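Hi there,

Here is the structure I promised to pass on. Have a look at it first, and my notes on the charged side chains follow below.

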Amino acid sequence: IQFFTVGQRRGLGLQGNSGEPMFVTRIVADENRVVLGRRADLDLEWLWASRVTYIDDFAVTEPLEVTAKIRYNASESPATLIPRGDWAEVRFHTPQRAITPGQAVVFYQGEMVVGGGIIETEAPVPSDVS
């Protein structure tokens, strides 16, 4: 599984043609499994972020409108940031392509960084959320 990434299309080792391109849509590390799907399966409207920290001027305790960036070369996208202790739920206003667990997500208000965390697509277990 270490040779694959969410959103990957090339180098999947598929024989034949299914009629439409296949992409890596999910990696299940504890099962050593790579899940393939269609292009549309890559578009998600939400993510969970773990190990969330905020810049000193921001004490985020209520939902906050932000823009969020899910990778270095991605555009900022409008989203609602919902704090959940050391975790946060991020609801995008439009679907985002290939949200990849393990990557950083950064939250902004205008030019100012609000904070950030590590992308997760699975909800935390209840004991992880304050």
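Searching the whole structure turns up 5 salt bridges, a salt bridge being a side-chain nitrogen of Lys or Arg within 4 Å of a carboxyl oxygen of Asp or Glu. Please keep in mind that this is a predicted model: local features need pLDDT of at least 70 and side-chain atom pairs count only at pLDDT 80 or more, while totals for chains, interfaces and linings use all residues. Residues are numbered from 1 along each chain as its sequence is written, and side-chain values use heavy atoms, with hydrogens and water left out.

One of the bridges pairs E89 with R91, at 2.6 Å from N to O. Are these two partners buried or exposed? E89 is buried, at a relative accessible area of 8%, whereas R91 is partly exposed at 38%. (Buried means under 20% relative accessible area, exposed means over 50%, and partly exposed is in between, using a 1.4 Å probe and protein chains only.) Through salt bridges with shared partners, R84, E89 and R91 are joined into one network.

Another bridge links the side chains of R39 and D43, with 3.0 Å between N and O. Here R39 has a relative accessible area of 39%, which counts as partly exposed, and D43 is partly exposed too, at 33%.

There is also a salt bridge between E31 and R33, whose closest N and O atoms lie 3.0 Å apart. In that pair, R33 is partly exposed, with 35% relative accessible area.
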